[in-house]
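Please look through the sequence and the model shown here before reading on. The report below takes up a few places in turn.

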Amino acid sequence: MNLYNLGHVPWLDSQLIYHAFPRLGMEGLILLAPAEPYVCLGYHQDAEQEVDLAYCHDHDIPVFRREVGGGAVFLDGQQLFYQLIIHRDNPLAPRDRTEFYRTLLGPVLQTYRDLGVNARYKPVNDIVTDAGRKISGNGAAEIKDYAILVGNLIAGFDYKTMVRVLRVPNAKFRDKVFKSLRENLTTIERELGQAPPWETMISTLVRNFETVMGTLTPAKLPRTVHEKVAELAQTHTTEEWLHRPGKRFREGRRVKISEGVEIVQRVHKAPGGLIRATAETKHGQIVAVGLSGDFFFYPSHKLADLEQCLVGATMAQVPGALEEYYRANGIESPGMTPQDLAVALGAA
């Protein structure tokens, strides 16, 4: 398999390159870092609910929606990204997402240990220190016929900016988020006193990936990748793409529209992530559903179909409809069950 060690690249390239590979039928391991900071939004998140878009605009911080689940995060050149793209028929792409993470995060875990950080794998997709602090964020997705793993070695992290770009109700709550972030997310620099040289991190990571993947052959990006990146930039940087799930309902926990018509919004924290669920009911039947959050859902495009599947059901019918949809469509959502979705919708 080819290795693309790209160094620091324009922030948009740091996302669109791995989006381009599966569309071009390419496998590979990409290592890079963004030359400029930006905010990266999870595929299923609602931009307006998760990110302070006005602040980002006023401070020239781009906001991008990736085709990978998970949560919003502030990214910059202090983080070394690894992006693995493999065909679904590749033996390294097991059908079970938990096993996919466990196998391919092994080299990342070993890299942290080789660098001197006492770390362990925490299912489903985290690497944490012995103290339980997260030190690597990871996500997986399917694009076309390819499985994608993206993650990072966190050499350093800008906690203040991360907290500032998030949408929170007030300054007091922001202070609480900052404290929690410092307590639960750490960096190589914090753990070791200083980060090792960039090339040391790269060489160690490559060596460990080769124990699982075999020899990695250094290669340059072909012209077709740059062309596809330019093409994707025309769609993936639009307002329509950023607000893709859409803010389909007004905010609020419960809004009575008219007699028998009600909109309810709930939040449920599942092991696999936060679920925001909004349902509009008319005389006891669901007429519209909106699901968003920092969870992972495979295949990603089936989430919209699931929302539509629930239209016409009563709340009592929702748990059974969710279970049947999961079975019929082969849905995987690590750390999130149909029961979690039913709870979020107020149907369990």
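## The surroundings of one asparagine

Which residues does Asn-138 touch, not counting residues up to four places away in sequence? The model is a predicted one. In it, Asn-138 touches Tyr-82, Tyr-101, Leu-105, Asn-125, Val-150, Gly-151, Asn-152 and Phe-296.

Asn-138 is part of strand β9, which covers residues 134-143. Its relative accessible area is 8%, and because buried means under 20%, Asn-138 counts as buried. The side chain of Asn-138 also makes a polar contact, at 3.2 Å, with the side chain of Ser-136. Val-73 is 65 residues from Asn-138 along the chain, and the C-alpha atoms of these two residues are separated by 11 Å.

## Salt bridges

Side chains of opposite charge can pair when their charged atoms come close. How many salt bridges does a search of the whole structure find? The search finds 9.

One of them joins Glu-50 and Arg-276, with 2.8 Å between the closest N and O atoms. This pair links distant parts of the chain, since Glu-50 is in helix α2 (residues 47-50) and Arg-276 is in strand β14 (residues 273-282), 226 residues apart. Glu-50 is buried at 12% relative accessibility, and Arg-276 is buried at 16%.

A salt bridge also forms between the side chains of Asp-52 and Arg-164, with an N to O distance of 3.1 Å. Asp-52 lies in the loop between α2 and α3 (53-58), while Arg-164 lies in helix α6 (residues 159-165), so the pair ties together parts that are 112 residues apart in sequence. Arg-164 has a relative accessible area of 26% and is partly exposed.

In a further salt bridge, Lys-134 pairs with Asp-126, and the closest N and O atoms are 3.6 Å apart.

Rolling a probe the size of a water molecule over the atoms shows where empty space is left. The second largest pocket has a volume of about 260 Å³. It is lined by 16 residues, and those closest to its centre are Ile-61, Pro-62, Val-63, Glu-239 and Leu-242.

Which elements each supply at least two residues of this lining? They are α3, β4 (63-65) and α11 (239-242). By class, the lining has 9 nonpolar, 4 polar and 3 charged residues.

Methods
Residues numbered from 1 in each chain as written. Predicted model: local features only at pLDDT ≥ 70, side-chain atom pairs only at ≥ 80, totals over all residues. Heavy atoms only, no water. Salt bridge = Lys/Arg side-chain N within 4 Å of Asp/Glu carboxyl O. Helix = DSSP H or I, 4+ residues; strand = E, 2+ residues; numbered from the N terminus. Buried < 20%, exposed > 50% of the residue type's maximum accessible area, 1.4 Å probe, protein only. 1 Å grid on protein atoms, 1.4 Å probe; cavity = no way out; pocket = protein on both sides within 12 Å on 5 of 7 lines; lining within 4 Å. Points joined across faces, edges and corners; volume = space filled by probe spheres on them. Nonpolar A, V, L, I, M, F, W, Y, C, P; charged D, E, K, R; others polar. Contact = heavy atoms within 4.5 Å. Polar contact = N/O pair within 3.5 Å; in protein donor to acceptor, adjacent residues only side chain to side chain.
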